[in-house]
Amino acid sequence: MGVSISTVSRAISNDTSRPVSEETKQKIREAAQELGYKWHGSPKGAPQQVVETKRIACIVPSI
């Protein structure tokens, strides 16, 4: 998509310290949904907290 990690963070958290255009916010939110991210926020789709729904496991042999 071509945006920085900090831009994604600001768009998802609605940080107004360095505004992100509405068009960019929408693209970021759509990409997040496609990747399986879900968030709790206002009904208008302005997320306040991102929740990752995927899980990973590590198997480590005995040391």
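Residues are classed by relative accessible area as buried (under 20%), exposed (over 50%) or partly exposed in between, with a 1.4 Å probe and protein chains only. The structure is a predicted model, in which local features need pLDDT of at least 70 and side-chain atom pairs count only at pLDDT 80 or more, whereas totals for chains, interfaces and linings use all residues. Residues are numbered from 1 along each chain as its sequence is written, and side-chain values use heavy atoms, with hydrogens and water left out.

The protein contains two helices and two strands, assigned as DSSP runs numbered from the N terminus (helices, H or I, at least four residues; strands, E, at least two). Their order from the N terminus is α-α-β-β. Of the 63 residues, 17% count as buried. With contact defined as heavy atoms within 4.5 Å, 19% of the contacts between residues at least 6 apart in sequence join residues at least 24 apart.

Helix 1 (residues 5-13) packs against helix 2 (residues 22-34) at an angle of about 90 degrees, the axes lying 9 Å apart. Helix 1 is therefore roughly perpendicular to helix 2. Axes are lines fitted to C-alpha atoms, for helices over the stretch in contact, and angles run from 0 to 180 degrees between N-to-C directions; those under 35 degrees count as roughly parallel, over 145 as roughly antiparallel, 65 to 115 as roughly perpendicular and the rest as oblique. On the helix 1 side, Thr7, Val8, Ala11 and Ile12 meet Thr24, Lys25, Ile28, Arg29 and Ala32 of helix 2. This contact comprises five nonpolar, two polar and two charged residues, where Ala, Val, Leu, Ile, Met, Phe, Trp, Tyr, Cys and Pro count as nonpolar, Asp, Glu, Lys and Arg as charged, and the others, Gly among them, as polar.

Two salt bridges are present in the structure, each defined by a side-chain nitrogen of Lys or Arg within 4 Å of a carboxyl oxygen of Asp or Glu. Lysine 25 pairs with glutamate 22 at 3.5 Å, N to O; both belong to helix 2 and are three residues apart, about one turn of the helix. Lysine 25 counts as buried at 12% relative accessibility, whereas glutamate 22, at 54%, counts as exposed. In the bridge between glutamate 23 and lysine 27, the closest N and O atoms are 3.4 Å apart. Glutamate 23 counts as exposed at 55% relative accessibility, while lysine 27 is partly exposed at 44%.
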